[in-house]
2 protein chains.
Amino acid sequence: MFPVADALAPAATALFTVVLTEGPLSRVGLARRLDLSSAAVTKGARPLIEMGYLEELAATERSGPGAGRPASPLTIRADREFFVGVKITRDELIGVVCDLRAQVRTAVHRRLSETDVDHVLRQIAEITTELLDGSGDYRSRTRRLGLAISGDVDLATGRVRYSPFLQWHDVPLRELAEQATGLTVTVENDVKALTTAEHWFGEGVGADSFALVTVGAGIGCGLVVGGRLVSGSFGVAGEIGHISVDVKGIACHCGSRGCVEAIAGADAIVRQAREATDRPELTFDDAVALARAGDPGVSAVFARAGDAIGSGIAAVANLVGPSRIVVSGEGLSAYDLFEPHIRAGFQRQAFGAAADCPLSIRPLPFEEWARGAATVSIKALVASWRRPV
Amino acid sequence: MFPVADALAPAATALFTVVLTEGPLSRVGLARRLDLSSAAVTKGARPLIEMGYLEELAATERSGPGAGRPASPLTIRADREFFVGVKITRDELIGVVCDLRAQVRTAVHRRLSETDVDHVLRQIAEITTELLDGSGDYRSRTRRLGLAISGDVDLATGRVRYSPFLQWHDVPLRELAEQATGLTVTVENDVKALTTAEHWFGEGVGADSFALVTVGAGIGCGLVVGGRLVSGSFGVAGEIGHISVDVKGIACHCGSRGCVEAIAGADAIVRQAREATDRPELTFDDAVALARAGDPGVSAVFARAGDAIGSGIAAVANLVGPSRIVVSGEGLSAYDLFEPHIRAGFQRQAFGAAADCPLSIRPLPFEEWARGAATVSIKALVASWRRPV
């Protein structure tokens with residue numbers, strides 16, 4: 001077994017984060033990348049190597065001018081520690097085990113028959129046991145569990161202030177889940193967790209600013225500005241779903257009209273598709289099938305929804321100017337119906353050079369949400385090494 | 001004369017910035033505030049005292065437990081250096097001299113009969129001479145000039161990429177103005193300059209995030225997130241004027257419909273007021289007078305404009321969550337007509353706790369724009385002290 005980490009110097013956590021998110025780098029490359037002396041890099045890397053989180057790749061001989069000592073890039077030992085991630089939805093838990101590089105090693109789903117806190121906690125404990133004691137034998141190298149849930153979550157205290165889907169108010173979820181599982185728990189809003197995963201291990205790596213827009217039951221957005229996840233001074237940020245694009249439009253549950261979510265959320269699409277077809281039993285999947293079959297009324301519903309999402313994304317680009325925007329979410333299983341209209345709405349509404357911002361529009365496997373939850377707990381591990389100020 | 005600054009340690013510029021923006025602080029208070037050792041504070045302050053930028057206030061005797069050496073707070077010598085700030089508009093230059101604390105010492109206005117680059121540069125040189133060699137005798141302690149201009153400006157190179165009001169394309173304004181005045185010049189977008197002034201010397205002091213919205217010919221927005229002014233990866237940020245709040249609304253010059261600026265910019269208000277009254281000769285001031293006299297059609301134009309601005313501001317609060325939003329600009333000379341509708345639109349559209357964000361709505365004296373320009377050059381002075389990395 002490796003020694004447990006004491007507090008490390010800031011240089012150590014900085015170099016670990018760079019190697020973790022950007023890949024193997026030589027000590028010389030790290031010194032340049034982080035504007036540190038070679039001695040500081042060597043000193044910072046030592047305890048991480050001793051603890052088994054970093055290792056040296058086989059030395060590669062350098063040739064040409066300046067060739068001297070061979071360069072041994074530092075790399076992550078991905079299987080040094082594993083992390084459980086669980087996404088909690090209204091009717092299901094999705095759980096994964098990830099390694100230190102946030103690669104999913106195993107995944108399970110579990111139906112939720114009830115949504116009261118006790119029941120959900122029991123299911124979290126059971127899914128964790130199933131994940132850790134199953135075929136992979138991850139138990140001995142797993143100490144952390146990340147939970148992701150939609151709604152208003154306080155990462156610092158691990159409290160769920162309000163979850164509309166579960167109808168939870170002020171639940172000390174971190175504390176309860178630590179009691180139920182014996183693991184060190186982090187709790188984060190699901191969109192922020194997914195944004196953290198994209199920022200550390202996805203399309204946002206190295207970006208100073210970056211946005212992730214999720215399309216599904218709600219329309220959410222995670223924002224990274226100046227390299228940091230934006231949380232909002234009043235706990236609200238990234239609420240792209242409640243930008244109004246049509247002052248006289250459809251009434252929204254928030255009390256306003258024409259919000260992006262009131263036009264393009266899954267429930268809103270079903271409601272509009274039912275009206276367009278006069279078929280009150282229509283489901284979301286029925287609406288997708290009808291639109292794909294060319295039904296003009298239902299196609300128009302998806303077109304309007306995509307346009308509203310594109311217009312909301314343009315507001316993000318016009319205000320904040322991220323270097324890249326990823327659009328994803330379970331709603332994008334119907335991605336073919338949305339994509340051209342998202343792009344058209346974005347192009348019309350993006351101002352000047354803001355239209356140059358690349359959009360990646362792609363479906364999102366549901367396990368990705370759970371991977372996001374695991375990523376938050378990887379980030380918490382690195383944060384735990386920092387010396388208290 | 002004081003010695004000229006060499007490169008200073010990061011601690012020195014950090015402590016100078018804190019004393020400049022937050023006021024006098026003892027060495028002990030600075031050490032705590034900046035998480036530095038007392039030795040680092042003393043070492044950082046020494047060259048700034050030698051150069052005359054900082055001085056010690058008369059020692060105040062401390063009493064009570066722990067009373068020992070008297071605390072001598074460090075404070076700024078505001079008249080150590082002066083800064084010229086000039087705002088360039090389509091038909092006027094507004095110039096000020098500010099001290100190191102951005103207090104306006106003197107201000108002059110000068111009409112622009114033409115807007116070609118040569119003419120404007122001659123006028124900048126003349127207004128600078130008038131400001132520096134007039135009654136105050138600021139010349140000997142002034143080395144820097146800040147210029148503020150609406151449009152697309154590159155602060156780093158001092159180039160005006162595009163100014164729609166002046167019809168300038170790719171003008172190397174910094175270089176030209178340095179030749180014309182002999183001063184060290186900074187050029188910044190006018191809304192960003194004003195935001196910098198509010199962030200360093202106004203309602204944004206100490207705020208991690210902060211927004212300034214300007215209402216006038218255009219509707220602009222400056223954003224500070226994580227303590228830094230947001231510039232946008234593609235040079236576009238804060239374009240609140242081109243958030244669409246009405247997908248089927250008034251056509252905007254940007255090519256879209258229902259943009260905040262197309263409803264609430266000064267030209268848009270005049271156009272709508274003319275239509276409402278069937279009086280094609282109506283001016284902005286006429287519209288204000290009619291609305292104040294209770295004309296229902298023209299009042300409705302201001303109400304719609306205020307509501308659109310409020311809705312746009314709510315988009316800023318929903319996405320970024322600033323700790324405070326200041327709404328200002330020359331358009332707010334008609335502030336009584338806008339304010340209740342800005343607040344109503346904001347309250348309706350702000351999501352959840354985002355509605356708690358305080359709005360300061362107030363008119364803006366035109367000299368404030370020039371003060372913003374001077375502030376950018378104060379910031380450039382501090383930046384010039386930093387050691388190159």
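## Basis of the model

Residues are numbered from 1 along each chain as its sequence is written, and chains are lettered from A and ligands numbered from 1 in the order in which they are written. Because this is a predicted model, local features need pLDDT of at least 70 and side-chain atom pairs count only at pLDDT 80 or more, whereas totals for chains, interfaces and linings use all residues; side-chain values use heavy atoms, with hydrogens and water left out.

## The contact between chain B and chain A

Chain B gives 47 residues to the contact and chain A gives 47 residues, where contact means heavy atoms within 4.5 Å. The area buried between the two chains is about 3600 Å², and carbon and sulfur atoms give 59% of that area; buried area is here the accessible area (1.4 Å probe) that two parts lose on being put together, summed over both. On the side of chain B, the residues B:F234, B:L319 and B:F351 supply 22% of the area that chain B buries against chain A, which is more than any other three residues.

Between chain B and chain A there are 4 salt bridges, a salt bridge being a side-chain nitrogen of Lys or Arg within 4 Å of a carboxyl oxygen of Asp or Glu. In one salt bridge, the side chain of B:R228 meets that of A:D208 at 3.3 Å, N to O. The elements of chain B that give two or more residues to the side touching chain A are β12 (219–225), α10 (296–320) and α11 (335–349), with helices (H or I, at least four residues) and strands (E, at least two) taken as DSSP runs and numbered from the N terminus. Of the elements, α10(B) gives the most to this side, with 8 residues. By class, the side of chain B that touches chain A has 24 nonpolar, 13 polar and 10 charged residues, where Ala, Val, Leu, Ile, Met, Phe, Trp, Tyr, Cys and Pro count as nonpolar, Asp, Glu, Lys and Arg as charged, and the others, Gly among them, as polar.

## Domains of chain A

The domain assignment of chain A gives domain 1 (10–76), domain 2 (81–195 + 368–384) and domain 3 (206–363), with bounds that come from an automatic or database domain assignment. The C-alpha centres of domain 1 and domain 3 of chain A lie 42 Å apart.

## Strand pairing in chain A

Strand β7 (residues 152–154) of chain A pairs with strand β8 (residues 159–163) of chain A in the antiparallel sense over 3 bridges, and two strands pair if DSSP finds at least two bridges between them. Within this pair A:V153 stands opposite A:V160 in β8(A), and the two strands form a hairpin with 4 residues between them, where A:G158 in the turn has a positive phi of about 75 degrees. β8(A) also pairs with strand β9 (residues 168–171) of chain A, again antiparallel and over 3 bridges, and A:Y162 has A:H169 in β9(A) as its bridge partner. A:Q167 lies in the loop between β8 and β9 of chain A, and its phi is near 55 degrees, a positive value in a residue other than glycine.

Elsewhere in chain A, 5 strands form an open sheet of mixed pairing in the order β13-β12-β11-β14-β15. Its edge strands are β13 (228–229) and β15 (359–361), each of which pairs on one side only. Strand β14 (residues 325–328) and β15(A) pair in the parallel sense over 3 bridges, and A:V326 stands opposite A:S360 in β15(A).

In chain B, strand β8 (residues 159–163) and β9(B) pair in the antiparallel sense over 3 bridges, with B:S163 opposite B:W168 in β9(B). These strands form a hairpin with 4 residues between them, and B:Q167 in the turn has a positive phi of about 55 degrees. B:D170, found in strand β9 (residues 168–171) of chain B, has a phi near 50 degrees, a positive value in a residue other than glycine.

Over all chains, a search of the whole structure finds 42 salt bridges. The side chains of B:E56 and B:R27 meet in a salt bridge at 3.3 Å, N to O. B:E56 lies in strand β1 (residues 54–56) of chain B and B:R27 in helix α2 (residues 27–34) of chain B, so the pair ties together parts that are 29 residues apart in sequence.
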